Structures are given as structure tokens and as C-alpha cells.
Amino acid sequence: MKDLQHMLNDIEKEVRLTRHLIGKDALDSRVMAAIKQVPRHEFLPDNYRFLAYDNGPAPIDCGQTISQPYIVALMTDLLHTRATDTILEIGTGSGYQAAVLSNLVKQVYSLEIIGELATQARQRLKQLGYGNVTVRHGNGHFGWPEQAPFDGIIVTAAAPFIPPALIEQLRTGARLVIPVGLPYRYQELLVIEKKADGEIKARTIFGVSFVPLTGGGATETNPITGEQP
Ligand code: SAH
């Protein structure tokens, strides 16, 4: 079984290999330090713990996945967090990404649509002492209006379109990091910035593969699949 240091080295290697796409040779050292502090094996089911420090995604309960460590590190880096931030995550899953963020910011709110995963992640994060993460069972398409605006929003499941509520709930100057695309087809990792003049700027990083953002929220028929809202 690989250890944590091995995983950190693999993340750094993959960052260097993808430097032409992400525009840098190394991620923010604070992000790497935050990753180093989280025991990833605690976030995996017992039978998959042997994969904890591989730089790959792994199955968790309810047919979902914990994302690849390189992707977690990159998405966290792309959020440009500050210690005073309040961040919203959509797709708590195991709670791993939320734990990484909790080491970097003041408060993390995380929404999970599968009740069982929300309960498990809440208990796990509490046991491990991540006191600044609040997990709620709910549909992330609509964000978390009571706690908005956010200093950053990260979505860890792929939506066929950007949920409008998430743009609304971004503070001016804040970023939304989100994979956009069809389930199990081509998806792109996007960074959306809400500029001071209200302009919305989007940048594509590269193609990714995430589990789908479920729960609807669409108001129009999908032009590609014909799926009704
Ligand atoms: N960030 C997670 C990765 C989870 S995979 C981790 O670190 O482990 C994506 C998660 O998004 C799944 O658990 C899935 O149930 C959840 N999800 C899918 N659609 C959702 C929605 N509309 N609202 C909230 N969570 C959703």
C-alpha cells in the first residue's frame, strides 16, 4: 500500500505533466499542506482503504466516488481560498474535499443529495475533529441561500449546465469551480469568476470525468439527450 508522501509526490508529478493546461508548475503550497494534513484512508470504506494513497478516484458507498487526489488538489488551488473565507461545496460524498478545505478557510458548508452519505460524512468529520464543516442533506442545484453569499463554490459532480443559483450565491470577486457536461460523456472543468462590474468570466481547464449532479433543476429540455426537465 502506498503512503501519504507517495500520494503527494504523485500529485506534484501530475501537476508538472499538465503544466501547459493549468498554467503553473506547482500548486499553492498551502493547498499541498492542507492535503498533507488529511488522513484520506479515514474517508474510504474498509474494503477500499488499500487505495487511499493512490492518486486515483475510488468507490465509496451508494455508487459514488471519492475524487482523484490530483483533482481535489487542483480544484482547491483554483478556488483561490483565503483563511477568512466561507466556502460552499456541492457533493459532500465521503467528506474528503470538505476536510481539505476546512484546513484552509474559516467555514465550509457542504450539501449532499444522498441522505446516507450526508449522515456518514457528518459523523466522520465530527469524529476527526473538523469543527468548521457543516453538512446538510439537500439538492445542490439550488445552493444554500441562507448562508450566501459565498467566497467560493466548488461542485464535485458534473452538471449539464451551470446551476443559476450558484452564480447568484457567489460574492463579487469570488470563484465557482465546476465540472460541466453530460453524464458519463465529455465534461470540462470550468472556473467561473464573478467580476466587480457583474460580468461573469469563464475559463476551461481541461476534460474531466465526474459522477453526475442529480436531482434535476433544469428548466428546459436538454437539446442533446432530449431529456425533459
Ligand atoms: N467531494 C466528494 C466527491 C463526491 S462524488 C468527496 O470528497 O468524497 C459527488 C457527490 O455528489 C456524490 O456523493 C453525489 O451523491 C453528490 N451529488 C450528486 N448530485 C447532487 C446534488 N444535486 N446536490 C448535492 N449533492 C449531489
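Me: Which polar backbone atom lies 2.7 Å from a nitrogen atom of the ligand?

Reply: A word on the source comes first: this is a predicted model, in which local features need pLDDT of at least 70, side-chain atom pairs count only at pLDDT 80 or more, and totals for chains, interfaces and linings use all residues. Residues are numbered from 1 along each chain as its sequence is written, and side-chain values use heavy atoms, with hydrogens and water left out. A polar contact is a pair of N or O atoms within 3.5 Å; within protein, one must be able to donate a hydrogen and the other to accept it, and residues adjacent in sequence count only if both atoms are side-chain atoms. Here the backbone atom belongs to Thr-214. A ligand nitrogen also lies 2.8 Å from a polar backbone atom of Gly-140, and one lies 3.0 Å from a polar backbone atom of Gly-91.

Me: Which residues come nearest to the ligand?

Reply: A residue is near a molecule or strand if one of its heavy atoms lies within 4 Å of it. Around the ligand there are 28 residues, and Ser-94, Glu-112, Asn-139, Gly-140 and Thr-214 come nearest.

Me: How is a pair of aromatic rings described?

Reply: The distance of the centres and the angle of the planes describe such a pair. Rings of Phe, Tyr and Trp (its six-membered ring) pair if their centres lie within 6.5 Å; planes under 30 degrees apart count as stacked, over 60 as edge-to-face and the rest as tilted. The count by this rule is four aromatic pairs. In one of them, Tyr-109 and Phe-150 are edge-to-face, with 6.3 Å centre to centre and 65° between the planes. This pair links distant parts of the chain, with Tyr-109 in strand 4 (residues 107-112) and Phe-150 in strand 6 (residues 150-155), 41 residues apart. Strands (E, at least two residues) and helices (H or I, at least four) are DSSP runs, numbered from the N terminus. Tyr-109, Phe-150 and Trp-144 form one aromatic cluster.

Me: Which residue lies over the face of Trp-144?

Reply: A charge sits over a ring if NZ of Lys or CZ of Arg is within 6 Å of the ring centre and within 35 degrees of the ring normal. Arg-136 lies over the face of Trp-144, at 4.4 Å from the ring centre. Arg-40 is placed over the face of Tyr-96, at 5.5 Å from the ring centre.

Me: Is Asp-77 buried or exposed?

Reply: Buried means under 20% relative accessible area, exposed over 50%, partly exposed in between (1.4 Å probe, protein chains only). Asp-77 counts as buried because its relative accessibility is 5%. Asp-77 belongs to helix 4, and its side chain makes a polar contact of 2.7 Å with the side chain of Lys-24. A polar atom of the Asp-77 side chain also lies 2.8 Å from the backbone nitrogen of Asp-28.

Me: Which residue other than glycine has a phi near 55°?

Reply: That residue is His-80, where the value is positive. His-80 is in the loop between helix 4 and strand 3 (86-90), and counts as partly exposed because its relative accessible area is 48%. Cys-62, which is not a glycine either, has a positive phi of about 60°.

Me: Where is a cis peptide bond found?

Reply: It joins Ala-148 and Pro-149, with omega about 0°. Pro-149 lies in the loop between strand 5 and strand 6.
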